[in-house]
Amino acid sequence: MSWKTVTAVFLCISACSGQFTPDWPSLDSRPLPTWYDEAKVGVFMHWGPYSVPGVASEWFWYQWNRRDPANPGDMEIVKYMEDFYPPNFKYQQFGSQFSAEFFNATFWAELVAASGAKYFVFTSKHHDGFNNWPSKRNFGWNSHDIGPKRDVVGELANAFRADNKVVFGLYHSLFEWYHPLYLEDKANNYTTRTFVEEKMG
């Protein structure tokens with residue numbers, strides 16, 4: 001399936017979005033795209049500053065802050081950071097260390113296609129708020145301004161479209177664990193929507 005077809009599918013879904021309402025029964029009634037539903041294998045990938053320490057998962061920062069003694073994953077991260085990083089080290093310092101020096105989008109596209117996967121979904125932004133593309137709303141905390149100094153999403157999109165063997169998609173999390181505006185809305189018991197309005201506005 002070509003990227004033009006995938007683009008057309010997403011445009012159709014966007015155009016038809018008026019037929020759905022913001023509730024679970026309506027959202028659950030949306031049809032799955034056939035390229036996804038019929039694929040036997042696909043790749044869903046997270047890659048960001050949490051990849052630098054190489055321990056645990058993309059939930060690294062959350063678990064490091066939570067430090068729940070009853071959660072072995074949390075305590076593994078806490079011990080790792082105590083063993084290998086200075087006491088005042090901040091998660092944001094991983095941003096500059098996320099260099100992506102060996103990143104080659106064309107190689108990734110070819111490797112995913114050779115694996116037999118039919119789609120590749122890349123995490124463009126996870127809950128730590130780091131964007132893998134240049135962003136005016138996220139200056140200083142994106143792959144263009146810090147770390148790789150590259151538009152990782154743009155390079156991947158171009159490589160997968162040029163290879164034209166695998167459907168390329170993106171995952172984007174609006175939610176950010178420690179964004180001050182989100183924390184303000186949370187403190188207001190979500191009676192305010194400042195975070196969503198400011199991030200999306």
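Cavity and sheet

Analyst: This is a predicted model, and in it the residues that line the largest cavity are Trp47, Gly48, Pro49, Tyr50, Thr123, Ser124, Lys125, His126, Asp128, Phe130 and Asn132.

User: What makes these residues count as lining the largest cavity?

Analyst: A lining residue must have an atom within 4 Å of a cavity point, and Trp47 and Asn132 are among the residues listed on that basis. The space in the largest cavity is about 30 Å³, and the structure holds one cavity of 30 Å³ or more.

User: How does the lining divide into nonpolar, polar and charged residues?

Analyst: Four are nonpolar, five polar and two charged, with Gly counted as polar under the rule used here.

User: How do you know that β1 and β2 pair?

Analyst: Pairing requires at least two bridges between two strands, and three bridges join β1 to β2 (residues 119-125), so the two strands meet the requirement. Val43, for instance, has Phe120 in β2 as its bridge partner.

User: Why are β1 and β3 said to stand at the edges of the sheet?

Analyst: The open sheet has three strands in the order β1-β2-β3, with parallel pairing. Because β1 (43-45) and β3 (167-172) each have a single partner strand, one side of each is left without a neighbour in the sheet.

User: Which helices lie across these strands?

Analyst: Helix α7 (residues 105-115) lies across β1 and β2, at about 140° to β2, while helix α8 (residues 152-163) lies across β2 and β3, at about 165° to β2.

How values were computed: Residues are numbered from 1 along each chain as its sequence is written. This is a predicted model: local features need pLDDT of at least 70, side-chain atom pairs count only at pLDDT 80 or more; totals for chains, interfaces and linings use all residues. Side-chain values use heavy atoms; hydrogens and water are left out. On a 1 Å grid over the protein atoms alone, a cavity is a set of points where a 1.4 Å probe fits but cannot get out, and a pocket is an open set with protein on both sides within 12 Å along at least five of seven lines; lining residues have an atom within 4 Å of a point. Grid points are joined across faces, edges and corners, and a volume is the space filled by probe spheres set on the points. Helices (H or I, at least four residues) and strands (E, at least two) are DSSP runs, numbered from the N terminus. Contact means heavy atoms within 4.5 Å. Axes are lines fitted to C-alpha atoms, for helices over the stretch in contact, and angles run from 0 to 180 degrees between N-to-C directions.
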